[in-house]
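Biologist: I have a chain open here and would like to go through it. Can you take my questions as they come?

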Amino acid sequence: QFAHDVTAAVNAVRLDLLGRSLDSALYHYTRFDRVLKIGNSRTLWATCAADLDDKKEIDHGTEIVQAEILRKISSGVAEFPQMVLEHIPAALFDCKKWTFVACFCAKRDSHFHRKRYGEYCLGFETHSSWEPQLRPQGLQADVQYCRAIYWRYKQREVIRRTVNSIADSATRNAVQGSWMP
């Protein structure tokens, strides 16, 4: 029940942030040599989060999560929610090697993305659904569309709501008795 409650709480925050519909197409900006590789192989590669050129994004997010967890714990939570919250930063770190990223933009003509990632823009229909149309080859993988949040105040708000939801779920599902790490 606890895992179900946490998943439902996090998904509620995600839906509130992302909305229920998606743009009709997403665009991938890249260089010409990569366009040729994508076209010839009919494959779009995702990069392991641990190997990203710009690791600051992942590290920055983890730092915000850690700060919010410390704030929540210092405000006073029971033993089980505290244990759950204290485990999150290590879990995020461990997930980096199993998280792969391919970046898309909702704008067909984004000067920022062209300048940063490459002059060529490949479009992918989404059918306005959060259910990804792109599928992994080989291994079974969980494919998700996750919108990037660029505004710091919004990043902190979303993380605060998520940490509070996780702590509330842990409180509701705590079993009386001693907990051993």
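Modeller: Start with the surface: the chain exposes about 12,900 Å², and carbon and sulfur atoms supply 55% of that. Keep in mind that this is a predicted model.

Biologist: What share of the residues counts as buried?

Modeller: Of the 181 residues in the chain, 29% are classed as buried.

Biologist: How many helices and strands are there?

Modeller: The chain has six helices and four strands. Along the sequence they run α-β-α-β-α-α-β-α-β-α.

Biologist: Which residues have the most contacts inside the largest nonpolar core?

Modeller: Those are Ile69, Leu85, Ile88 and Ile166, in a core of 14 residues. Helix 3, helix 4 and helix 6 (152-173) each give two or more residues to this core. Helix 6 gives the most, with five residues.

Biologist: What does leucine 85 touch, not counting residues up to four places away in sequence?

Modeller: Leucine 85 touches Ile69, Lys72, Ile73, Val163, Ile166 and Ala167.

Biologist: Changing topic. Where is valine 77?

Modeller: Valine 77 is in the loop between helix 3 (56-74) and helix 4 (79-95).

Biologist: And why does valine 77 count as partly exposed?

Modeller: Because its relative accessibility is 22%, and buried means under 20%.

Biologist: Which residues does valine 77 contact, leaving aside neighbours within four places in sequence?

Modeller: Valine 77 is in contact with Lys72 and Gln82.

Definitions and conventions:
Residues are numbered from 1 along each chain as its sequence is written. This is a predicted model: local features need pLDDT of at least 70, side-chain atom pairs count only at pLDDT 80 or more; totals for chains, interfaces and linings use all residues. Side-chain values use heavy atoms; hydrogens and water are left out. Buried means under 20% relative accessible area, exposed over 50%, partly exposed in between (1.4 Å probe, protein chains only). Contact means heavy atoms within 4.5 Å. A nonpolar core is a set of buried Ala, Val, Leu, Ile, Met, Phe, Trp, Tyr and Cys residues joined through side-chain atoms within 4.5 Å. Accessible areas come from the Shrake-Rupley method with a 1.4 Å probe; for residues, only the protein chains shown count as cover.
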